[in-house]
Amino acid sequence: MITQKIAEAKLAKRKLFFQTLIIILLLSVLCVALIIWASMPKTIIEASEAETAQPLESVEIPASTDSTQDKEMLRQAYLEAYAYYENTLKPELNKIDLQQWDKALAERLKTNETAAVKQFGEAKYAQAKATLDGLIKLAETAITDSQNQFKTAMQDAQQAFDDNQYQPAKLAISKALMLDTSSQPAVDLADRIEQLPEIAALVEQINVAKVENDLQKELTLINKLLTLTPEREAFKQRAQTLQTTLNNQRFQSLITQSYTAIENGRIDAAKSALSQARNIHPNRSEIGDVNAAIQQYEKNQRVQTALTNASQAESKDDWQTVKTNLEQVLKETPNNQSATDKLAMANTILSLNKKIDDYLKTPYRLSNPELVDQARSAINEAAKYRNQSASLTKQSRELENVLTAVNRTIPVEVRSDNQTHILVRGVGNVGVTDSKVIQLKPGQYTFEGKRQGFKSKLVEVTIPFDLNSYSLRIVCDEPI
C-alpha cells in the first residue's frame, strides 16, 4: 500500500522543490556536525546514538555501511514519502479536529513527524524513512477511521433529525463536524437540526389536527413543515392524500351548491360553483351533469319567457309578437303541441288580416264577382276567430261593409248642353241630354263626349262607394 502511494506522490515532487532546498541547506550545516561526530571516540558516538533513539515512535536503524548510492536512494525515497504525507495525507488530517477527537493521536502524529524530519536532517535516511512510514500508516489509519466515524455520525444525525430528536441529532452532528470540519452537507444538516424545536412543535400541532379530524388545518401545518424539512416523504404523501380528500370534498360541495342554486333559480351562482368545480376535476362526469341541468333550466326559462310573452301579446291582439315567441318555443321544444296549435292559429289570423287589408286597400276591385267570392270566403274564415282577435273581426266587418257598398248602384247625374253625345265606356250610352240620372256601381269610369265640329272630351271619374249620389257635367265646347 505504501509503495503505491509513494508512486502517486511523485506527482507532487515538483511542489517540494523549495522545501528540498531548505533541507539541503540544513544538511550542509549537519555535515559539519557529522565531521565533528566522526572524530569523536566510539563510546561517545554510541552514547549519542542511544540518546537519538529515544524520541517517540522513531525507528532505530543500526549504522549502515551502505554505499553512497544506497544512501541517495533512501534519501530520495524519504523525500517522495514525505511529499505524499504533506500533500495527500496532511490536508485530510487538517479537516479533522484532532485535538478534540483524539488528543493522544494528535500528539503522536506531531511527534513522529518531528522525529522523521530530525532524523532526515541528521542524514539518518534509513531511520527517517522507517519513522516516516510509521507516520504515514498512522495517518492513513486515522483518516480511514475518521471517515468511517463521520459517515456513521451523519447517519445518526439524519436519523435523529427525521425522528425529531433534537439532543441526539445535535450530538451526532457535532461529532460529524469534528471529524470533517469542511463538510458542507454536515453544516447544512446542523442548520436544519437547529430548526428541530420548531419542527417538533409543528409535528405536535399536526398530530392534534389529525386527532380532531381537521383536514384543512392539518394540511396547512404539513405544508408549513415541508418548507422547513422538504425531504420528509411521509409528510409529503400525507399532504397529497389530504389534498386529494379535500379536493374531493370541495368538489362534491360545489356540485351540491350548483344543484341547489339551480333549484332556487340562481343560475349565476350555479355557474360560478360549477366553474370552481371544473377547476378541481375538469373531466368528472358530474361536471357534464350539472352543465346539462343548467342548460335545461335556461332552456325552460327561455320557453317560459316566450310563452309568457306570447300570452301577453295575444291579450293585446298582437299576433305578430305571438308568432315570433311561439316560433322560439318550438325551436326549443319541437314537440310542444300546444305551441304548435297556437302558432297555426296565429299564422291564420295574420294571413287573414293581410288578405283583408289588401282588399280594403283596393276596394273598387271588389266589384269583380270572383274577388267578391274570395273576400266573402275570407270574412267567413275570420268569423271563426272573433273571440281571439278583435282587430280581425273589425277588419272583416269593414270589408263586409265595403263589399256591400261597392256592389250597390248609386244615382249618377250626368249634365250636358243637350248637344253633346255622351257615353260611358264599357257600360253604355247616355245620349244627348241636358241632365240625366243613371245607376252605376262605385268605381272608376271614363265618360266620353262627342259633338259635330268640336273636339271630343274624355272625363275620368271615380264614383266613391261611401256616397249616396254623384254628379258630373260634360260638354264639348272646343271647336275643331
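Modeller: Helix H7 passes helix H8 in a left-handed crossing. Left-handed here means that the near helix is turned anticlockwise from the far one by less than a right angle; clockwise would be right-handed. H7 covers residues 125-162 and H8 covers residues 166-179. Their axes come within 8 Å and cross at roughly 155°. That makes H7 roughly antiparallel to H8. The label follows from the angle: under 35 degrees is roughly parallel, over 145 roughly antiparallel, 65 to 115 roughly perpendicular, and the rest oblique. Each axis is a line fitted to C-alpha atoms, for helices over the stretch in contact, and angles between N-to-C directions run from 0 to 180 degrees.

This is a predicted model, so local features need pLDDT of at least 70 and side-chain atom pairs count only at pLDDT 80 or more, while totals for chains, interfaces and linings use all residues. Residues are numbered from 1 along each chain as its sequence is written, and side-chain values use heavy atoms, with hydrogens and water left out.

Now the residues that meet. On the H7 side they include Ser-146, Gln-149, Phe-150 and Phe-161. On the H8 side, Pro-168, Ile-173, Lys-175 and Leu-179 are among them. Contact means heavy atoms within 4.5 Å. The residues of the H7 contact with H8 divide into 12 nonpolar, 2 polar and 2 charged. Nonpolar covers Ala, Val, Leu, Ile, Met, Phe, Trp, Tyr, Cys and Pro; charged covers Asp, Glu, Lys and Arg; the others, Gly among them, are polar.

The axes of H15 (residues 319-332) and H16 (residues 337-361) come within 9 Å and cross at roughly 150°. H15 is therefore roughly antiparallel to H16. H15 passes H16 in a left-handed crossing. From H15, Trp-319, Leu-326 and Leu-330 are among the contact residues; from H16, Leu-343, Met-345 and Ile-349 are among them. This contact divides into 11 nonpolar, 3 polar and 3 charged residues.

Next, the aromatic rings. Tyr-78, Tyr-82, Tyr-85, Phe-120 and Tyr-125 form one aromatic cluster. Rings of Phe, Tyr and Trp (its six-membered ring) pair if their centres lie within 6.5 Å; planes under 30 degrees apart are stacked, over 60 edge-to-face, and the rest tilted. The count comes to 5 aromatic pairs. Tyr-78 and Tyr-82 are stacked, because their ring centres are 5.9 Å apart and their planes are at 15°. They sit 4 residues apart in helix H4 (residues 68-94), about one helical turn. Tyr-82 and Tyr-85 make a tilted pair, 6.5 Å centre to centre with 45° between the planes. These two also lie in H4, 3 residues apart.

Tyr-78 and Tyr-82 are both buried. Buried means under 20% relative accessible area, exposed over 50%, and partly exposed in between (1.4 Å probe, protein chains only). Tyr-82 has 9%. Tyr-85 is buried at 2%.

Glu-86 is partly exposed, at 25%. Leaving aside neighbours within four places in sequence, Glu-86 is in contact with Pro-91 and Glu-113. Its C-alpha atom is 9.8 Å from that of Ile-136, 50 residues apart along the chain.

Last, the whole chain. Its secondary structure comes to 18 helices and 7 strands. These are DSSP runs, numbered from the N terminus: helices (H or I) have at least four residues, strands (E) at least two. Buried residues make up 35% of the 480 residues. Of the contacts with a separation of 6 or more, 62% join residues 24 or more positions apart.
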